Structures are given as C-alpha cells and as structure tokens.
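Me: Hey, can you walk me through this one? I'd like to go bit by bit and ask things as they come up.

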Amino acid sequence: MSENIGRIVGVNGNLLTVEFEKPVVQNEVAYAALGESRLKAEVIRVRGRYAELQVFEDTTGLKEGDRVDFTGELLSVELGPGLLTQIFDGLQNPLPKLAEECGFFLQRGRYLEALPREAKWAFTPAAKAGQTVTAGETIGSVPEGIFQHRIMVPFGLRGQLTVDGVAAAGAYTVDGVVAKLRDADGVVHEVRLMQRWPVKIPIRAYAERLRPTEPLATKVRIVDTFFPVARGGTYCIPGPFGAGKTVLQQITSRYADVDIVIVAACGERAGEVVETLREFPALTDPRTGKSLMERTLIICNTSSMPVAAREASVYTAVTIAEYYRQMGLNVLLLADSTSRWAQALREMSGRLEEIPGEEAFPAYLESVIASFYERGGIVKLKDGSLGSVTIGGTVSPAGGNFEEPVTQSTLKVVGAFHGLSRERSDQRRYPAIHPLESWSKYEGVVPSEQVALARRMLIQGNDVNQMMKVVGEEGTSIDDFTVYLKAEYVDAVYLQQDAYHAVDAATPADRQTYVFGRIVKILKTKMAFESKDAARKFFQHLTQATKDWNRAEQTSEEFGALEARIEKMVAEVTDYA
Amino acid sequence: MHRVYHRIERIAGNVITVQATGVTYRELAQVTSGQGVSLAQVIRIEGGRVDLQVFAGSRGISTDSQIRFLGHTMQVPFSESLMGRIFTGSGVPRDKGPAIHENLIEIGGPSVNPAKRIIPRNMVRTGIPMIDVFNTLVESQKLPIFSVAGEPYNPLLARIALQAEVDLIILGGMGLKHDDYLFFRDTLEKEGALSRSILFIHTAADPTVECLLVPDICLAVAEQFALQKKRVLVLLTDMTNFADSMKEIAITMEQIPSNRGYPGDLYSQLAARYEKAVDFDTAGSITVLAATTMPGDDVTHPVPDNTGYITEGQFYLRNGRIEPFGSLSRLKQLVNSKTREDHRTIMNTMIQLYASYKETLEKQSMGFRMSAWDRNLLKYGERFEAEMMDLRVNIPLEQALDLGWQILADCFSPEETGIPSKLTRKFWPKRTTAA
Ligand SMILES: Nc1ncnc2c1ncn2[C@@H]1O[C@H](COP(=O)(O)OP(=O)(O)O)[C@@H](O)[C@H]1O
Ligand SMILES: [Mg+2]
C-alpha cells in the first residue's frame, strides 16, 4: 500500500482540517504526527481537497503543516480468544497493560494490541479438509476460561469456501494460522485465531434473526415481573442524576442470567468502573462457581477520557458482543450512558458547523441511535444454535426531563422502558423505576394476569392517594384507604429491593413467581378493619414481616417460618363475609 | 526562539485573531498592550489564522499590540514553598511573597488510567450529622455544594476543610467576592491551617476569563502533592462562574450553544476537572468540594445539572441547612458498612420517615384532621430538623446514630419504623416514652 499523506491546515478542539492529495475514504483511520508520537483519528467529512478528522486524543501541540498519515482502513477491533476479563478503553487498548507501561496517567499516542500475542491457546479442529463453509461457520475451538471459544470463518469472506486444510490440534498464538480456505476464484485465505472487524458495521454471519421472546432474568423484581427484558431485546433506563441508573446496571451486571456481560462505561465516572473491576474478580458467579470476572469484559471510556473515543467505545462494545453471540452465547451489553455518546456526536457536529437540531444535537441523532440498538437481537446461527445480544442503555436527560432528543429517540426503538423517577429516589424507593410510567413489550417471568392485577392495584392506590390530598384521610372510605395501603404494600415489599443486601439484592425467577403469587393472594384478600389507624398498623407489621421474608434465604428455615407468620397475620384480618 | 507578531486582525469579545505560522494548539502567548501584559491561549488554528483567548480581557488591546508566542502551554510552579501562599488566578503572587519560578509543571494534564484507581475506602469525618450519617463524605470524592447565592456555602466549605483530616488544603476562588476571600484567608489563619494551605484566588474584580485557569492550576498542583503521598482537599468556589466564562468564550467563537447558551462540551469540560479527584494506588489522594450556585434556585439549570451527572453526589444547601432530599453521597455505601452495623438502617429509615413527615405537613397545611400516626410524624419531623439537620450540631457519627435511635424511640414503636427486627432487638432504646 502506497503512502497517503496529508497536512494539517486547521485545529479546532479535537477536529482537524487536513489537506490531502490522494484519495481518502470516509471513516478511515489516520494518524496525526506529534513529535515522535502519532495521534489516532478518523475521517468524518471530506470537502474538496480537505478532509475533516476527529482525533481520539487531546490535540494540544498540533500545528499547521503537521503530517497526517491515512491508513485506508476503517476503525476496527481485534476479535479472538483473550478478550474476556479484559479492561479496554474505547479504542480497545488494554488499560492495565497501558498502566504497566505508562504509570498512573494515560498517555496519548500510545496504542497497544488488544489481544496478547504470546499467549498460546489449545486449538481443537472441527472442520475437515474438503468441506465447504461460509463466513461465521466453525473451524475449531479453543477453551477461553469457562467457554469454548469458537474459531470461525472470518466474517468478511464472501460466498462458499472450500477448506484446503485445518491445523492439527495443538497450541497456537492468536496469529497462528489454523486453516486455509479457498474461495470461488481460487484465492486462498488464511484463518487465524484472531480476526479484525470494523466496529461500525454489524456482524451478519448468521442464518436468521428471530423475535426476542424468552425472558432474561435480571433478578430485579420490578424489572422481571413488571417490565421484563427479553434475551436479544433492548431496553433503556433514563433518569435524572442520582436516581440510580448506574447502580441498577451494576447489579444487573452481577446477577443477570446471561453467559457474558459487556460493560461499556461511556463518558461517566471512572470510579464506578473501578468498583466493577476491583470487585468482580473476588465475586463468585453462582452459575459457574467461578469468578464473575470470567464472564465480564469492560470497555471504559470515562468522562475525562477523550471525547471522540467515547463515541467509538459503544461500537467497540457492541462489536465484541456480536462476536461472542456468534459462538451461540447470550451476551448482555450494558452502556452507561448513551447520552454521553450522543453528546460526543453533538460536540463534533458543532465543530463541523452542521445545522443543529433540537438542543443542538445533530439531525441524524435518531437514526444513529436506532441503528445502534438494532445491533441487539437473537439469531439462529448457521449451525442451528442460538445466540443473542441484549442491549440496555442508560440515558441521562438534561434537567431530568424525558422530553429531550436522546430519550425520545431511544424510546422509539427499544422494547422496554425503565424510567427512573426523581420523586422515588428522593423517597429512597429503590430501584426508582416508575411503576406507572415504565413499560415493556416483552413477556415476563410471572403469569401476566397476576401482573395485571397488581398494576391495577397500584393505579387505584395512586388514585386514592391523589384524592386523599384533596379530601383528606377523613374524607376517604376505609375500603379505598385499604386499596391505598395495599398498593403501598406491594411497592414496599416487591417493587423496592435493597441493592446492598446479600439476599434481597437478587431474586431469581422462581422465587419471584413464588413470592409474587403469595402477594397477589394477599392483594385479592378482602380485609376488614375497625379503623384506618388499625389498617395502617396492620400493614406496617405486614410490611416489616414481608421485608424480613425477602431477606431470608429461600432454602432457610426462616423463610418458611416467616411465610407462615405472614399467612397467619393475613388470616386474622380476612373478611370472610 | 520566541515568535512575535504585531498585526491583530480581529478583536471580538475576549478573543483576538492573528495571522501566524508555526503556532501550536493550546500554546500560550503574551499580549502586550497599553493596558499592560496579559496571557492568552490559542483556542483555534484555521488556515494560517490563530484565535487566542485573552485572560485579562481584550479591553485596551490595539490592532498593533504585541503578541509573543511562548512555545509552551500554561504552567505553574510546584514546590513546598507554595504552602501558605496566595496567588491570583494565573499564578501571580497576591500576598507580599516572592514569585516562584521553580519546577514548572503543565496544567490540564492527561487523566488517570482507570486501572490505576482504587476503590475509595476512608470516610472523611465532618461532625455534621447530615453529612456523616446521611451522606458520608469519602476521601477522593468529588462533590459540589448546590445552593442559591446568599446561602452560607463558603463558611460550610471552610468548616469541612478545617474539620477534615487532610495534609493540604488548596482553595481555588473564581469570581470570589473580596470579603469572602478575606474570610477564607482569615479563617484558615486563625485556625492555624494557612501554613498547610495554598490559595489561588480570582476575585469578582478581576477580568472574567482569568478564572478559567483556576481549577486547572489548583488541580495540577494538587495532583503533584498527591503523587507525593499527600492527602489533598481542593475547594473550588464558585464553579458556576467558571462555566459562565466558558460560555462567554463559546459565544464569542460563535459556537452553537446546546442549552441556555452554554457550549455543547460543558459536560466534558466540567468532567475533565472533577475527574481529577482520585485515590492513587500507591500514593495520596485528591478530594474535591466545589460550590455551585444555582441561578434562580433551579437545579435543572445546565451548570448544576451537568455537575450533578459528573460528581459523586451533592450537598444541597437551603435555608442554611443541608437538605436531606436531593443531597446524596454516592460513595457513602463504600464506607458506611464499616462504621457501625446500624448506620445504613438509621440513614434509610430516618429519611423515609422524614419524607412521610413532609407529606403530613402538606396534609396539615390543607386543614385535614391529623391521625395518631400523623401526630407521631409531626413530632418526629420537628425533632429531626432541630437535632439532626441544624448545621450548628457538631457531634461524632456514633453519637449521631445513638441520637437517631432515641428520636425514633421517642416517636414510634419499632414496627412502625420498618426496621429489621434483628436490629431493633439490639439497638432500640429500652425506656420508651410511647407517643
Ligand atoms: N437500588 C438501590 N439501592 C440502594 N441505593 C441506591 C440504589 N440505586 C441508587 N442508590 C443510591 O443512589 C446513588 C446514586 O445512584 P446512581 O446509580 O449512581 O445514580 P445515576 O447513575 O442515576 O446518576 C447511589 O450511590 C446509591 O446511594
Ligand atoms: Mg450513573
């Protein structure tokens, strides 16, 4: 490939204007020379002889006339064994390794290989010479932690290929050639343990896309019971600051019933990622008995890291998610926060002086968000197995107002909406998902008629509460008042959940079905009270007993004892008339 | 080699434009005019033209004023001799001491590699129950004090600074009233803390854009001390002035504003500063407390709003008290499990009951009859405000927790509080005066 060089003519923040001569490609990667180092950048607009580049680094020190090298390649990531358990920045630089080399601080212009080159992987061939294969089909596998990591026909190869030869079982590095494939034109392609893929292009090497139907248990009761997420579905968590978006994602990343979790910390606090990366190695995944870190991968481009790389980080994350999906695994991608990525787009759009849309976001915001969430899905692979990418993104609306472009664009495309409410978080009703405004299009883990009943109760309770604000408690009938207390009860013992309690933090699907069935029975029970004070007192006691029940291990004796106590309490006030 | 230019093509707002070559992005220049000498910084390069923001403002600059490019970005000296000293927003001595030129360091350096951070683990005790019990401050936390102008946020900052166990206090004033500057100086002096303090003060009388440098200077110096294993507390007041200066420059540069005139990168700019708060793996730490005034008492205003998304919680100061609602310390759960086993429960229960008290107050104000429960809540709320919320209360955490139990027991029965039975058995005060 011949050299393609340009010269800087303008610097505006992280936007460079570069004069070029030979052809350049939209979205190709280029490097701006800064003394001895090179700053990575991406072509984002071309006008006449000038290309505009967003630089993934701080541009301090660049000047007019500085050299820019165009690479002709789109921004890509490395895919292969050794990704799991790693912590990458938005451009897939392994951060711990960078720390070994550069110390406490990030250093611009330092790019490291994502996958370790020396590590050897025990390859077991699956394909045979003479067999025909297509992109995404399995050549063999290597064990990666708790998974069989499939080595697949590179996703970029087209048409039918004939296997010329497959390497014998043995230890190979990621660069090791494990198969040779011949395409229709007779060209031979080498397959290595590692392949590269451009992040902004979805991986489509599967048989067909299916509709997400099976629930994905997050172990958060209000989610799984009321506003469920499906495997291969998408959902969003908008909420004002401090309402609990990050905590909700953190507990989901721990407890969700999936094979792999990819955490994309996009433009938020570094400290929150640190909690995950320091705690996970020491936590045991109940599904596997191994460290939680073995199923986790972190993409970390926090708020003080370069803005353009923030945009890249969500694409890096979703590309890696799709890669593991290709192995028949269920992957959950948690992005916190998609608003920061949208703001990165806005910053660049502003520097490009594009015509601004609402709140100065670019006009194409909606389509960009839509195509990101479209990369979630459940697919049937070419070997018939299923793999899924579920995407959950937080949204950080300005002023906590959901009527803003990012929230609105997101709501149009996702399958579930977990709207966090300031009112509920102020009242410490966590998780602060609004029980009346949120919605989900997916099936949940408990029977839907039970959910409908509880929802009706919540709505009625809310109505009574509103009415009481006008007419007072004395103007409210005892029946209405009981409805209100029942609604408060469901809220306190079921919707609310203590993220920091060892047992209460995660309620498995079967326990939810069991407990919710019991609670619905209580809601249906007709009760008689002498006075409102007596009713209130009863529900205070019942609430406390039920909360204690939530905190008891399902297998413990206490669990049964508390349940019996609750039943007895309810029986005492039941109106058998 | 210094490069000197004399032909200014454009003067608008506090931005000047010159035709110049070989100038690097963010480089500093010295602008000499009839008004004296000011620093300026390159903020855009475009086809041979260079835009600079002039920190002392453009007033008095003539088209033939001299511009001398310095070949480096903004620097500050760093040494032990900074201790006890007071400087302006651009690092010039404001006290009578000598200028310091040793060991220059660049400001606005790269961010810490997240892999080198550790989970914060040390509580910062303040003796203020609304902080210690309900929103525990943690070493390396970044936290703003949201308040309207007129609230005693500066005295609160000073009090926390003096009570916190830190090695070094760095105060950055932005648009600080002269009286407030003297208040800080005299308070630190009187309490014997000035010798372990460094002040960078931009006052309301100084040119507005000069305050843009203050956070970066403070944090660059803090970072160096933290690397030398010092626990540094950085106080910034008022960050809204900082944001307003950014707005001013953005508007001059004809950037498309995103929200009420503020530039689209307000979040990133604020985050770049706040994220300097850190607990280093094998060295010291930086804790940042920043006053952020809310124009019109509106927390959805872009400055407090963006700040809230960046910082690890916030203290709301209203009517001279730290509000229990809205105030938040996101790091509290990292330390409050290790203080006392009842800490979290007291924290949650007392706030939930206080919320119920507020509802009852509303009902009362509408003239509704008060139930027995309401009367208990009213009693509780009043005691909570007087004995916990009042900023004059100054007691250690453990004493505050005991007080919490006492207030609860004086107003409620154990079940009414919803506290797990395990804890009430252990902590519920024995002699209960039933309500
Ligand atoms: N489920 C929860 N249980 C208990 N506390 C919570 C919960 N969710 C949030 N919080 C509290 O609220 C704080 C802010 O939550 P966070 O997730 O950081 O908010 P956001 O990401 O929406 O800004 C947390 O630090 C914690 O103190
Ligand atoms: Mg968050």
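Predicted model: local features only at pLDDT ≥ 70, side-chain atom pairs only at ≥ 80, totals over all residues.

Me: OK, what's the phi of R260(B) like?

Reply: R260(B) has a positive phi of about 45 degrees, although it is not a glycine.

Me: And how accessible is R260(B)?

Reply: R260(B) has 47% relative accessibility, so it counts as partly exposed.

Me: What about E254(B), where is that?

Reply: E254(B) is in the loop between α5 and β17 (257-259) of chain B. Its phi is near 60 degrees, a positive value in a residue other than glycine.

Me: Is E254(B) buried or exposed?

Reply: E254(B) is exposed, with a relative accessible area of 65%. The cut-off for exposed is over 50%, which is why E254(B) gets that label.

Me: Let's zoom out. How many helices and strands does chain B have?

Reply: Chain B has 13 helices and 23 strands. Its C-alpha atoms fill a box of roughly 85 × 45 × 40 Å, taken along the principal axes.

Me: How much of chain B is buried?

Reply: Chain B has 435 residues, and buried ones make up 61% of them. As for surface, chain B exposes about 15900 Å², with carbon and sulfur atoms supplying 49% of that.

Me: What share of the contacts in chain B comes from residues 24 or more positions apart?

Reply: Such residues account for 72% of the contacts in chain B, counting contacts with a separation of 6 or more.

Me: And the charges, how many positive and negative side chains are there in chain B?

Reply: Chain B has 47 positive side chains and 50 negative ones. The centres of the two sets lie 3 Å apart.

Me: Switching topic: how many aromatic pairs are there over all chains?

Reply: The count is 40 aromatic pairs over all chains. Take Y380(B) and F412(B): their ring centres are 5.4 Å apart and their planes are at 50 degrees, so the pair is tilted.

Me: Where do those two sit in chain B?

Reply: Y380(B) is in helix α10 (residues 372-389), while F412(B) is in the loop between α11 (397-411) and α12 (414-417). They are 32 residues apart, and the pair links distant parts of the chain.

Me: Are Y380(B) and F412(B) buried or exposed?

Reply: Y380(B) is buried, and F412(B) is buried too.

Me: Which residues are linked with them into a cluster?

Reply: Ring pairs link F134(B), F325(B), Y354(B), Y357(B), W373(B), Y380(B), F384(B) and F412(B) into a cluster.

Me: W373(B)... which residues does D533(A) touch?

Reply: Leaving out residues up to four places away in sequence, D533(A) touches S371(B), A372(B) and W373(B). D533(A) itself lies in helix α13 (residues 532-550) of chain A, and it is partly exposed, with a relative accessible area of 32%.

Me: Back to chain B. Where is V393(B)?

Reply: V393(B) lies in the loop between α10 and α11 of chain B. At 16% relative accessibility, V393(B) counts as buried.

Me: What is V393(B) in contact with?

Reply: Setting aside neighbours within four places in sequence, V393(B) is in contact with G127(B), I128(B), P129(B), R159(B), A386(B) and E387(B).

Me: New topic, cis peptide bonds. What can you tell me about the bond from T237(B) to D238(B)?

Reply: That peptide bond is cis, with omega near 10 degrees. D238(B) is found in the loop between β16 (231-237) and α5 (239-252) of chain B.

Me: And the one from D336(A) to S337(A)? What's its omega?

Reply: The bond from D336(A) to S337(A) is cis, with omega near 5 degrees. S337(A) is in the loop between β24 (330-336) and α6 (338-351) of chain A.

Me: Is C102(A) buried or exposed, and what about C411(B)?

Reply: C102(A) is buried, with a relative accessible area of 17%. C411(B) is buried as well, with a relative accessible area of 2%.

Technical notes:
Residues numbered from 1 in each chain as written. Chains lettered and ligands numbered in written order. Heavy atoms only, no water. Buried < 20%, exposed > 50% of the residue type's maximum accessible area, 1.4 Å probe, protein only. Helix = DSSP H or I, 4+ residues; strand = E, 2+ residues; numbered from the N terminus. Contact = heavy atoms within 4.5 Å. Areas by Shrake-Rupley, 256 points an atom, 1.4 Å probe, with all protein chains shown as cover. Lys, Arg positive; Asp, Glu negative; His and termini not counted. Charge placed at Lys NZ, Arg CZ, Asp CG, Glu CD. Phe/Tyr/Trp six-rings, centres within 6.5 Å; stacked < 30°, edge-to-face > 60°.
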